[in-house]
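These are my notebook entries on one protein model. I set down what I looked up, topic by topic.

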Amino acid sequence: MLIEERTVADADLAGLLDAAFAELVRRYGAEGRSVVKAGARYLVAYVGTCAAGCGAIQPAGADMGELKRMYVAPEFRGRGIARMLLAALEDLAREMGYQTVRLATGVKQPEAIALYEDSGYVLGERYGMYTNQPLTRCYEKALGPGTEGRPDPAVTTEMIRP
C-alpha cells in the first residue's frame, strides 16, 4: 500500500469522496455535506493502482486539526487500511503543527467509532455545526510526545491483510 498526498482536483480523490458521500446518504439520508475548509490537505491510500481510501486534515484552530472525509472503499475494508490511513493523517497533522485532532462521525457508523476509540480518540462535546445533531459523536486525540513512530504508511501490499 502507498499513501500519497493529493489535491482536491485529483480524479482518484474525487471518486472516493463521491463514494463516501453516497454511503452517508444511504446510512443517514440526504442531509448535505459538511464543508471542507481551504487549507485542508488530503491523503489517498492506494493498493496497487487502485485508490482504496482517503482522508483529510483541515485547520480547526491554532494548534488543532480536524479529520475530514475519512473513507475506505467497501472492497478494501477489513485489511487494516483505515488504521494505516488514520496514522498517516495524524502524522500529517503533526507536520502541520497541530497538537490535537478532532473529528465528527455518526452513530450509524459503528465501524468508524470502533476504529477511533481503538486508536486513542476520546468522546468529547459536539462542536460547530454538529452541536445540535443527536446522531453525531465528536472525538479528539492529543498528538503529544510518544504518539508518533507508527509503521511507515508506505508499506508494501504484502503487509496488508488479504
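What percentage of the 162 residues in the protein chain is made up of buried residues? I find 44%, where buried means under 20% relative accessible area, exposed over 50% and partly exposed in between, with a 1.4 Å probe and protein chains only.

**Entry 1: basis.** I am reading a predicted model, in which local features need pLDDT of at least 70 and side-chain atom pairs count only at pLDDT 80 or more, while totals for chains, interfaces and linings use all residues. Residues are numbered from 1 along each chain as its sequence is written, and side-chain values use heavy atoms, with hydrogens and water left out.

**Entry 2: chain overview.** I list three helices and seven strands in the protein chain; both are DSSP runs numbered from the N terminus, helices being H or I of at least four residues and strands E of at least two. Read from the N terminus, the order of elements is β-α-β-β-β-α-β-α-β-β. I next looked up contacts, meaning heavy atoms within 4.5 Å. Of those between residues at least 6 apart in sequence, 66% join residues at least 24 apart.

Entry 3: I find an open sheet of seven strands in the order 1-2-3-4-5-7-6, with mixed pairing. Two strands pair here if DSSP finds at least two bridges between them. Which strands stand at the edges? They are strand 1 (2-6) and strand 6 (122-124), each with a single partner strand, so one side of each has no neighbour in the sheet. On average, neighbouring strands are turned by 30° against each other, direction ignored. Axes are lines fitted to C-alpha atoms, for helices over the stretch in contact, and angles run from 0 to 180 degrees between N-to-C directions.

I then followed strand 5 to its partner strand 7 (residues 136-142): the two pair in the antiparallel sense over seven bridges. L103 stands opposite Y139 in strand 7. T100 also belongs to strand 5 (residues 100-106). Is T100 buried or exposed? T100 is buried, because its relative accessible area is 15%. Beyond neighbours within four places in sequence, T100 is in contact with D63, M64, G65, E140, K141, A142 and L143.

Entry 4: Helix 1 lies across strands 1, 2, 3, 4 and 5, and runs at about 80° to strand 3. For I57, contacts beyond four places in sequence include G39, L67, L89, L92, M96, Y98 and V101.

**Entry 5: salt bridges.** I take a salt bridge as a side-chain nitrogen of Lys or Arg within 4 Å of a carboxyl oxygen of Asp or Glu. How many salt bridges does this rule give? The count comes to 10.

R27 forms one with E111, with the closest N and O atoms 2.6 Å apart. R27 lies in helix 1 (residues 11-28) and E111 in helix 3 (residues 110-118), so this pair ties together parts 84 residues apart in sequence. R27 is partly exposed at 23% relative accessibility, and E111 is partly exposed at 43%.

E95 and R41 meet in another, at 2.9 Å from N to O. This pair links E95 in helix 2 (residues 81-95) with R41 in strand 2 (residues 41-47), 54 residues apart. E95 counts as exposed at 57%, whereas R41 is partly exposed at 23%.

D118 and R83 form a further salt bridge, the closest N and O atoms being 3.0 Å apart. D118 is in helix 3 and R83 in helix 2, 35 residues apart. D118 is exposed at 55%, and R83 is partly exposed at 41%.
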